[in-house]
Amino acid sequence: IIRVALVPQLQPCPVLNLDRTPQAGTTPGPWYITDRNVLKTPPDQSTPSKAVGIRVFYPAGGILLFEDRMLHLFELEVELIELRVKIADALEEAKAKITGRALFGGHILEPVMSEQRAQQRFMEWQHRRAEALEELAKRKK
């Protein structure tokens, strides 16, 4: 299960569970990828237009739609980068305060992967992303 919080300044909303268990009487539809439009119910005098049970991915706009709620992927990525900066600062501060052995209750620290592997994965991601964007650009012509 993937849990994602919406960026607070964009639209306050509780944490979304992307693979949520539907509430009684509701069934989320499959994910749709759109080039611009989303299907909604027609508005009437008493209710505005509404997307019910629709989950849409709009890559060009960096948006995931969960019915009428939006997850702004571009802003989320920036927030995550800023969080990494804050974590790095906090780590430096913590390292300066901690001395001695067995700093984490007798556990050892083990890297998730080598820095070389992390750099390689990042470069592969950049290459694959560039190829995908190039392919998308071809289709828009």
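Modeller: 17 residues line the largest pocket, and Phe57, Phe74, Glu77, Trp125 and Arg129 are the ones nearest its centre. A pocket here is an open set of points on a 1 Å grid over the protein atoms alone, where a 1.4 Å probe fits, with protein on both sides within 12 Å along at least five of seven lines; lining residues have an atom within 4 Å of a point. Two elements give two or more residues each to that lining: α1 (73–97) and α2 (115–140). Helices are DSSP runs of H or I with at least four residues, strands are runs of E with at least two, and both are numbered from the N terminus. The largest share, 8 residues, is from α2. By type, the lining has 11 nonpolar, 1 polar and 5 charged residues, with Ala, Val, Leu, Ile, Met, Phe, Trp, Tyr, Cys and Pro taken as nonpolar, Asp, Glu, Lys and Arg as charged, and the others, Gly among them, as polar. The volume comes to about 600 Å³, meaning the space filled by probe spheres set on the points, which are joined across faces, edges and corners.

A word on ground rules: this is a predicted model, so local features need pLDDT of at least 70 and side-chain atom pairs count only at pLDDT 80 or more, while totals for chains, interfaces and linings use all residues. Residues are numbered from 1 along each chain as its sequence is written, and side-chain values use heavy atoms, with hydrogens and water left out.

Now the rings. The whole structure has 2 aromatic pairs, that is, Phe, Tyr or Trp rings (for Trp the six-membered one) with centres within 6.5 Å; planes under 30 degrees apart are stacked, over 60 edge-to-face, the rest tilted. Trp31 and Phe66 are edge-to-face, because their planes sit at 85°, with 5.4 Å between centres. Trp31 is in strand β3 (residues 31–33) and Phe66 in strand β5, so this pair ties together parts 35 residues apart in sequence. Phe66 is buried at 6% relative accessibility, whereas Trp31 is partly exposed at 35% (buried is under 20%, exposed over 50%, partly exposed in between, with a 1.4 Å probe and protein chains only).

The other pair, Phe122 with Trp125, is tilted: 35° between planes, 5.6 Å centre to centre. Phe122 and Trp125 are both in helix α2, 3 residues apart, or about one turn. Phe122 is partly exposed at 39%, and Trp125 is partly exposed too, at 40%.
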